[in-house]
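Thanks for coming. I will take a few minutes to walk through one structure, so please have a look at it first.

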Amino acid sequence: MENLKKHILMVLTSHAEMEHTDSKTGVWLGEFTDPYYEFIDAGYRVTLASPKGGRPPVDPMSELTENITGANRRFQDDESAKIAFARTYELALMDASDYDAVFYPGGHGPIWDLATDGNSGRLILDFYNSGKPVAAVCHGPAALIKAEELQPGFLDGKNISAFTNIEETMVGRAGNVPYQLESRLKELGANLSSAMIPFVSHVEIDGLLVTGQNPLSAGPAARALIKVIEEGY
């Protein structure tokens, strides 16, 4: 199968702290596990990286019963996946030429570290400018902010989705973040689209850029990325 040759890089946050609260954040677990198994089941290889390397922090809310997905349960019984998650590579060591696409899961962490990480910003531009797709979901699109800073105009007119201001307010964390992601992406020139109802899945595909709105969009965004890869670039 040709798919066996495909290799996806998943970039996870290393940031756990939030503002004005003792609550922690990190990776939203289902936004990692849902796409991870979409890629694995499609026959892809997956490599995990994060700014600091090692095990990324996991948002405790994403491990609550009401937020557990089938992929989360599968992950808990998957020793090789758990080892890979505990031993993510340092982002600075990653090279876009080694992969076919990159995927950024959310959790609130990326709005701090990946939004300002030069290695991440350069990596996104290396993928995109070499004709390889870039995907992100929920707060993962915060990583696009650094790409825009490094290549002004990168986001101008791009049709994307991300966690919305109203969703941020509804989860009670609007006062614990340094900026509203939806507003910031719009300020940088992006056209941000979302589902009419908060927390309903919504995915945008704009050429090589694939973005999803919220946790329920993680699996669909991964499937959309697979479609983009398989249709060629």
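**Salt bridges, a loop and a helix pair**

Let me start with Asp-41, which is exposed, because its relative accessibility is 54%. Please keep in mind throughout that this is a predicted model.

What does Asp-41 pair with? It forms a salt bridge with Arg-74, and the closest N and O atoms are 2.8 Å apart. This pair links distant parts of the chain, with Asp-41 in helix H1 and Arg-74 in helix H2, residues 70–76, and the two residues are 33 residues apart. Arg-74 has a relative accessible area of 36%, so this residue counts as partly exposed.

The model has eight salt bridges by the rule used here. Another of them joins Arg-173 and Asp-59, with 2.7 Å between the closest N and O atoms. Arg-173 sits in the loop between helix H6 (165–170) and helix H7 (181–187), while Asp-59 is in the loop between strand S2 (45–50) and H2, so the bridge ties together parts that are 114 residues apart in sequence. Are these two residues buried or exposed? Both Arg-173 and Asp-59 are buried.

A further salt bridge is between Lys-24 and Glu-17, where the closest N and O atoms are 2.7 Å apart. Lys-24 is partly exposed at 36% relative accessibility, and Glu-17 is partly exposed as well, at 42%.

His-20 belongs to the loop between strand S1 (7–11) and helix H1 (29–41). With a relative accessible area of 71%, His-20 is exposed. Which residues does His-20 contact, leaving aside neighbours within four places in sequence? They are Gly-175 and Asn-176.

Next, a pair of helices. H4, residues 118–129, packs against H5, residues 143–150, at an angle of about 75 degrees, and their axes are 8 Å apart. That angle makes H4 roughly perpendicular to H5. On the H4 side, the residues in contact include Gly-118, Arg-122 and Leu-125, and on the H5 side they include Ala-143, Lys-146 and Leu-150.

Last, the surface. Met-196, Ile-197 and Val-200 make a nonpolar patch of about 370 Å². Val-200 is in the loop between strand S7 (191–192) and strand S8 (203–206). Its relative accessibility is 37%, so Val-200 counts as partly exposed.

Definitions and conventions:
Residues numbered from 1 in each chain as written. Predicted model: local features only at pLDDT ≥ 70, side-chain atom pairs only at ≥ 80, totals over all residues. Heavy atoms only, no water. Patch = residues over 30% accessible without salt bridge, like charges linked within 9 Å, V, L, I, M, F, W, Y side chains within 5 Å. Areas by Shrake-Rupley, 256 points an atom, 1.4 Å probe, with all protein chains shown as cover. Salt bridge = Lys/Arg side-chain N within 4 Å of Asp/Glu carboxyl O. Helix = DSSP H or I, 4+ residues; strand = E, 2+ residues; numbered from the N terminus. Buried < 20%, exposed > 50% of the residue type's maximum accessible area, 1.4 Å probe, protein only. Axes fitted to C-alpha atoms, helices over the stretch in contact; angles between N-to-C directions. Parallel < 35°, antiparallel > 145°, perpendicular 65-115°, else oblique. Contact = heavy atoms within 4.5 Å.
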